[in-house]
Every structure is written in structure tokens, then in C-alpha cells.
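Reader: I have a new model on my screen and would like to learn how to read it. Could you take me through it feature by feature?

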Amino acid sequence: MACETAHFRPDEPGLLVAASLACPLCLSSDVRWSLDEGGYDRRARCVCTACGHERDVFLTPEQALRLSLHRTCPLDLTPHSPDLLTAL
Ligand SMILES: [Zn+2]
């Protein structure tokens, strides 16, 4: 099982948070994640529903707090920043 660190800021839009958790093998954003806060390190256990790749993504306390807000409320994947729309 591969391990990596998350690359999103806690205040970033949900779209960028989801992109950070996307599968590194098939690039699918259809990833199921769950928080593991049991030990010293906080991590998201991620499973890609497209290819089945499993991995642990280590989180800062602030990133874990952000994801904990989305346990029952899914990430908003709508681009809201005008900068994102002009970049497309
Ligand atoms: Zn995948």
C-alpha cells in the first residue's frame, strides 16, 4: 500500500480538495475516503472505485479538520472561483 501526503490547503474549494485525493494511478476522482485519527498521524484511507487502488494519504491537523466537516456533507465539486473558470 502506497503512502503520500495531501496537497491541499484547508481553506481551498472542495473541488481542489477532491483533486488532491484523486487516484494517482488512473486519475479518477471517484475515490471513497475515510478518516483515521486513531494514532499520532492523521490520515485518509482512500480507495479508488474505478481501479480499486488503495492508499493512505497523510494529513495535517488542519486538513483532517477540513475533511471531518465532510463526513456527512459531501465536498462541493462546483467551481466557484472566477479564476478557475477563466483558466479553463
Ligand atoms: Zn484508480
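This is a predicted model: local features need pLDDT of at least 70, side-chain atom pairs count only at pLDDT 80 or more; totals for chains, interfaces and linings use all residues.

Reader: Thanks! How many helices and strands are there in the protein chain, and what pattern do they follow?

Author: Helices (H or I, at least four residues) and strands (E, at least two) are DSSP runs, numbered from the N terminus. Here the protein chain has three helices and four strands, and along the sequence they follow the pattern β-α-β-β-β-α-α.

Reader: What share of the residues counts as buried?

Author: Buried means under 20% relative accessible area, exposed over 50%, and partly exposed in between (1.4 Å probe, protein chains only). Of the 88 residues in this chain, 32% count as buried.

Reader: Now the metal. Which residues are the protein donors of the zinc ion?

Author: Donors are N, O and S atoms within 2.8 Å of the metal (3.2 Å for Na, K and Ca); water is not among the atoms, so sites may look incomplete. In this model the SG atoms of Cys 23, Cys 26, Cys 48 and Cys 51 are the protein donors, 2.3 to 2.4 Å from the zinc ion. Along the chain their spacing is C-x2-C-x21-C-x2-C.

Reader: Why is the arrangement of the four donor atoms tetrahedral?

Author: Four donors count as tetrahedral if all angles lie between 85 and 135 degrees. The angles around this zinc ion are 102 to 117°, so the arrangement is tetrahedral.

Reader: Is Cys 48 buried or exposed?

Author: Cys 48 counts as buried because its relative accessibility is 3%. Cys 51, with a relative accessible area of 41%, is partly exposed.

Reader: What lines the largest pocket?

Author: On a 1 Å grid over the protein atoms alone, a pocket is an open set of points where a 1.4 Å probe fits, with protein on both sides within 12 Å along at least five of seven lines; lining residues have an atom within 4 Å of a point. The lining of the largest pocket includes Leu 21, Trp 33, His 70 and Pro 74. It divides into eight nonpolar, two polar and no charged residues (Ala, Val, Leu, Ile, Met, Phe, Trp, Tyr, Cys and Pro count as nonpolar, Asp, Glu, Lys and Arg as charged, and the others, Gly among them, as polar).

Reader: Which residues does Arg 71 touch?

Author: Contact means heavy atoms within 4.5 Å. Not counting residues up to four places away in sequence, Arg 71 touches Leu 35 and Glu 37. Arg 71 sits in the loop between helix H2 (61–68) and helix H3 (82–87). Asp 36, found in strand S2, is in contact with Asp 41, Arg 42, Arg 43 and Arg 45, leaving aside neighbours within four places in sequence.

Reader: And where does Leu 27 lie?

Author: Leu 27 is in the loop between helix H1 (14–20) and strand S2 (31–36). Its phi is near 65°, a positive value in a residue other than glycine. Leu 27 is exposed, because its relative accessible area is 67%.

Key
Residues are numbered from 1 along each chain as its sequence is written. Side-chain values use heavy atoms; hydrogens and water are left out. Four donors count as tetrahedral if all angles lie between 85 and 135 degrees; four count as square planar and six as octahedral if opposite donors are over 155 degrees apart and all others between 65 and 115; anything else is irregular.
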